[in-house]
Amino acid sequence: MIEIQELTFKYSSAKTNALENLSLHIEKGDFVGVIGESGAGKTTFCNCINGLIPYHYTGDFYGSVKIEGQDTFEVDSGKLALKVGSVFQDIESQLVSYFVEDEILFGLENFGVPAEEIEGRITSALDALGIGELRHREVASLSGGQKQKVVIAAILALEPDVLVLDEPTGELDPASSVQIFELLKKLNEEKGITIVVAEQKIMLLCEYVKKLMVLEKGTCVHYGEIRSTLTHQKEMEEAGINCPRVLTLTTKMAEEGLVPAGYSKEDCICINAQEAATFVKKVMGGLNV
């Protein structure tokens, strides 16, 4: 689906590389989380997938990024935008219309979607996000979470194969953040959309993504299935990432010899409080205390 080979990029005005020799494969239907401290290269990575690099941001680009076999350097930016939908950090900058309906209509008209398809696409996108009641609302009257959903609806109406989101919950409260990730999970599972999301909130990523990519100073230090990647807690912390407390708890239990023989590293990985509680009960029940 997305094939990245030896990707290195340096912005025109920069002295050092923003990304350094990245190679990875994202399969169709994957839900990939990208994490790293500020300046690690998360936004640059997203922009290499959605085509803002090289079409908007210039610099020294080495290697390749291919979407379904097509190199992003060789695909027209308009065609790429239909294949890869993007949600940026500054959600306000992505909103262009006065009313919600017009926000979704804007992209459909600009990309030449046939008139007879437009009504169905608008209704379908709004329903998919559960915001049909917002259709005739003024965009300015919406909450941050609602605006986020409207932007995703506008992208979803274009029927992209890939959805790339750069810190979509940065300005949202915890409840709204969970709503956005629940929505992304639904789009991934029910519509088969491949999702790449850069995010600072490690607990959200652990709870929802299938794979995790850890960036440190533009370099990928780990990439793989979520539980497998989380076994590298020490390296993640060295990369400036605060791992979930439930992971710290179970890792500490293993280090202190409180986990019976036969448990692998991945067996000790818990991604939420419920899993941790079950793990502790099971382990403590198997100890001779």
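Predicted model: local features only at pLDDT ≥ 70, side-chain atom pairs only at ≥ 80, totals over all residues.

Q: OK, zoom out. What order do the strands of the open sheet take?
A: β6-β7-β8-β3-β9-β10. That's six strands, with mixed pairing.

Q: Which strands stand at the edges?
A: β6 (84-87) and β10 (219-225). Each has a single partner strand, so one side of each has no neighbour in the sheet.

Q: How many degrees are neighbouring strands turned against each other?
A: 15° on average, ignoring direction.

Q: Now the helices. At what angle do the axes of α4 and α5 cross?
A: Roughly 125°, and the axes come within 10 Å. α4 is residues 100-110, and α5 is residues 115-128. That angle makes α4 oblique to α5.

Q: Left-handed or right-handed crossing?
A: α4 passes α5 in a right-handed crossing.

Q: Which residues meet there?
A: From α4, they include Val100, Ile104 and Leu108. On the α5 side they are Ile118, Arg121, Ile122 and Leu126. The contact residues divide into seven nonpolar, three charged and no polar.

Q: Switching to the backbone. Where is the cis peptide bond between an isoleucine and a proline?
A: It joins isoleucine 53 and proline 54, with omega at about 20°. Proline 54 sits in helix α2, residues 52-55.

Q: What about asparagine 21, what is its phi?
A: Near 55°, a positive value in a residue other than glycine. Asparagine 21 is found in strand β2, residues 19-26.

Q: Why does asparagine 21 count as partly exposed?
A: Because its relative accessibility is 48%, and partly exposed lies between the 20% limit for buried and the 50% limit for exposed.

Q: And where is lysine 217?
A: In the loop between β9 (211-216) and β10. Lysine 217 also has a positive phi, near 50°.

Q: Is lysine 217 buried or exposed?
A: Exposed, with a relative accessible area of 68%.

Definitions and conventions: Residues numbered from 1 in each chain as written. Heavy atoms only, no water. Pairing = 2+ DSSP bridges. Helix = DSSP H or I, 4+ residues; strand = E, 2+ residues; numbered from the N terminus. Axes fitted to C-alpha atoms, helices over the stretch in contact; angles between N-to-C directions. Parallel < 35°, antiparallel > 145°, perpendicular 65-115°, else oblique. Left-handed = near helix turned anticlockwise from the far one by under 90°. Contact = heavy atoms within 4.5 Å. Nonpolar A, V, L, I, M, F, W, Y, C, P; charged D, E, K, R; others polar. Buried < 20%, exposed > 50% of the residue type's maximum accessible area, 1.4 Å probe, protein only.
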